[in-house]
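Here are my notes on this one, written as numbered points. Have a look at the picture first, then read along with it open beside you.

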Amino acid sequence: MHKSKENENLICERFTPTVSSGLSCLQVESRINDGLINETTKKYSKSYLNIFIGNTFTVFNLLGLIVFIALIYAKAQLWDFVFVLVYTLNIFIGITQEIRAKRCIDRLSLLSTKNCTIVRDGKTIEIPPVQIVLDDIIKLSSGDQVPTDCIVLEGNIEVDESVLTGESVSVKKKEGDLLLSGSVLVAGSCTVKAERVGKHNYVQKLSAQAKKYKKPHSELMSSLGIFIKTLSFIIIPFATAFMLKLTIIGNYDLNEAVLKTSTLVIGMIPSGMFLLTSLALAVGIIKLSSHNTLVQDLYSLEMLARVDTICFDKTGTITDGQMTIKELVPIDKNTKQEYFQDILSSMMGALNDTNQTAQAITNRFGVEVKFTAVSKLPFNSKRKLSAVEFTECGTFALGAPEFVLDRRSYTKIKDQITSYAAQGLRVLILANSKASINDNNLPNDFIPCALILLQDNIRSDAKETVKWFKENGVTVKVISGDNPVTVAEVSKRVGIENAEKYISLDGLSDTEVEAAANEYTVFGRVTPEQKAILIRSMKREGHTTAMTGDGVNDILALKEADCAVSVASGSDAAKNIAHIVLLDNNFNSMPKVVDEGRRVINNVQSSASLYLMKTLFTLIIAIAVLFLPHVAYPFKLRQMNLLEILIIGIPSFFLSLQPNSKRVNDNFINYVLRKSLPSAFLMAISFGIIKTMNIILGYRFSEDLIITISIYAITFAGLVNLTMICYPFNAYRSCLLIFSTVALICIFIITVIFGIPSLEFASFKPLDRNFILIITLAAITFLDIPLSILFQKILYKLFKTKKQK
């Protein structure tokens, strides 16, 4: 036992347990009492208070609050406060949504924490990482994430520290070297001692990085941000100028000026559009959770909806990750097959590898040390081989033939290897050299001894998954470290289109890999770095890419993809950076996830144009009112409720819930402007026609009646836009449209006969005098239909031309 200064300010007694015995119960209890356990109280997800503040204190909510106070001061009627309900729901949904996201992130942290194997009192046990204490003896193997800063006591390993340093090349570690928490073993196994724990090690920095991963680029999120910034700059000066005009030039009393200015401000804020987006995303998350899907970032749904290329890793996606040895084929006919079986058995005993290939060999030939190992080189995905030097028979290497053999030896058996690979079999070579492993450098004179033929188990639902993506316009590509001939054959069997277009990336330069990315479908012999290059090249060509992966070798590509998808049983590092984690460990759940993303985004795009229609109409009228000296803003808040509820609110809610699996192609801003601008202009034109008609007729009709008929004119213009959005019609959208139409007509009939005092809608009595207004309204509504179609076609061509330029 000795004393050590740790992390500059912690001095404690250090224990020196043996590898076989570990710490005693008394030593563990002492560590716990001193607080030297691998636990931290620091959280990286937002607190509940921050979530509440972030959703409540926004620019739009501040404007809404100002209007609310102003309306109370002006003694407005109850109908004028309907907007408060929308604001309240928007805040509630936003808070609920972020709390759900927070819990998803926290749950992901729990998901990525698997038990560690440690030695205490001479017994090997498994405990959660948070229960590790200082100086604990820990056993780690390939694929494990280091739970706390450790010193290597036994074993030679290779570690991926890319999550910590950004350096993708694996680092060799030997006895006495330091392992940083968060790094991942990619080759070998070892026994280590906990050197630092809790707040004194690197795990907190790793956790911060894992939670603060690069968010996907969300067009929906950025578009909403543009709307917020633009409208914020417009509303404040417009409202100020409008208020001054009403009170100074228009001689309105303060209460009336407040009511009209409030109508302008609320009319220009598409608060319902933000509510709709929040609600649609929240419903999408709830639906996905029922499909065993954990979403770390809500806007990842949008990225999946826009995906046009998805890259699968063969193992675990097309196949179930389980391999079996089909046959051991000796090349040296003079040596008995049993000898090679003994060699393989001894290699497994020396290497202690836990990858799928090693497990398949162990299951077939067992682990029995019949030869004495003096040196070993564990498998890693870059080297694609492992090797052991035996005292009795020299060095044996096991791995991909083209990586183990020199060109001459490989050429001799290439046809035989290709023949097996064409059957969908994975081919490994067992080769021998009399030379030794020198400082991790292998001999270059390996002689082929035997071929090991492995076969993958194809997932039962892989064909259906591939078929769904094909039918829905998503290109499927396969990226694998295996022989491209084998991968291509497996890909053909599950129906991947153009699977015959395959290439080996072995030995290709980065430039050559980039050139191949968009020319081929199946990529074999791919290193982790090349996976990332492939994804980056596809994105450069304008593709929106999703990458599926569950292993350490997928991390770089997952980081590069627009949307990264992993599974609950995947490596810790892969889950930490994934946007979406499939809790049922089944990549074939992806169609459900993509379908839900498309439903949300398509429906939000369609419905958002209804809200923006009202915003643009209000803006047009506000500009006209400001620059026309003797014209005041005509409408009050309660009068706009007819449009807000019947044409925008209720229809948009039900439209956001409808099934919609169409691939998302349109730019969000272009789409909503193309759909909303024609109706906004038609609404303004309708109002202008009615005002002009009254002027021509010598102000024959009262101002209250003109306002009433104008409200119905703009509401029917909105109904035309709703009709265009519902097209093409199905039973669901037809029922929704019929409901809005019938309800609007019924309210209009009531208004004609009785008026609606609460909304300040005047009746049309006497009908013989005012019947011309009804005729005018009908004429304007029927005129709106062809004009709306014409305007939308013009805008479509305009935006299309702009996009092409």
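This is a predicted model: local features need pLDDT of at least 70, side-chain atom pairs count only at pLDDT 80 or more; totals for chains, interfaces and linings use all residues.

1. Let's start with the overall inventory. Residues are numbered from 1 along each chain as its sequence is written, and side-chain values use heavy atoms, with hydrogens and water left out.

2. Now some whole-protein totals. Of the 805 residues, 55% count as buried; buried means under 20% relative accessible area, exposed over 50%, and partly exposed in between (1.4 Å probe, protein chains only). The accessible surface comes to about 34900 Å², and 58% of that belongs to carbon and sulfur atoms. Those areas come from the Shrake-Rupley method with a 1.4 Å probe, and for residues only the protein chains shown count as cover. Among contacts (heavy atoms within 4.5 Å) between residues at least 6 apart in sequence, 71% join residues at least 24 apart.

3. Next, the inside. The largest nonpolar core has 131 residues, and those with the most contacts inside it are Leu304, Phe469, Phe617 and Tyr712. Helix α22 (residues 590-627) gives the most to this core, with 17 residues. Apart from it lies another core, of 26 residues, with Phe390, Cys393, Phe396 and Leu430 among them. A nonpolar core here is a set of buried Ala, Val, Leu, Ile, Met, Phe, Trp, Tyr and Cys residues joined through side-chain atoms within 4.5 Å.

4. Which residues does Phe469 touch, leaving aside its neighbours within four places in sequence? Phe469 is in contact with Ile310, Phe312, Val474, Val476, Met590, Pro591 and Val594.

5. Phe469 also belongs to a helix that's worth a look. In helix α16 (residues 462-471), the buried residues are Ala462, Thr465, Val466, Trp468 and Phe469. They cover an arc of only 155° around the axis, so they sit on the same side of α16; the arc is that of the directions from the helix axis to the C-beta atoms. The buried residues of α16 pack against β13 (309-313), β19 (447-458), β20 (475-479) and α22. Turn to the face pointing away from that buried side, and you'll find the exposed residues Lys463, Glu464 and Glu471. After α16 comes Gly473, with a positive phi near 75°.

6. On to the sheets. Strands β6 (residues 150-154) and β11 (residues 189-194) run antiparallel and are joined by four bridges, and Val152 stands opposite Val192 in β11.

7. Another open sheet has three strands, ordered β8-β7-β10, again with antiparallel pairing. Here β8 (171-173) and β10 (184-187) are the edge strands, each with a single partner, so one side of each is left without a neighbour in the sheet. Strand β7 (residues 157-160) pairs with β10 over three bridges; Glu158 has Ala187 in β10 as its bridge partner.

8. A cis peptide bond joins Tyr727 and Pro728, with omega about 0°, and Pro728 sits in the loop between α25 (703-726) and α26 (731-753). Lys765 and Pro766 are also joined by a cis peptide bond, with omega about -10°; Pro766 lies in the loop between α26 and α27 (767-804).

9. Two loop residues have a positive phi without being glycine. Asp135 has a phi of about 80° and lies in the loop between β4 (123-127) and β5 (137-141). Tyr699 has a phi near 55° and is found in the loop between α24 (668-696) and α25. Is each one buried or exposed? Asp135 is buried, with a relative accessible area of 0%, whereas Tyr699 is exposed, at 58%.

Key:
Two strands pair if DSSP finds at least two bridges between them.
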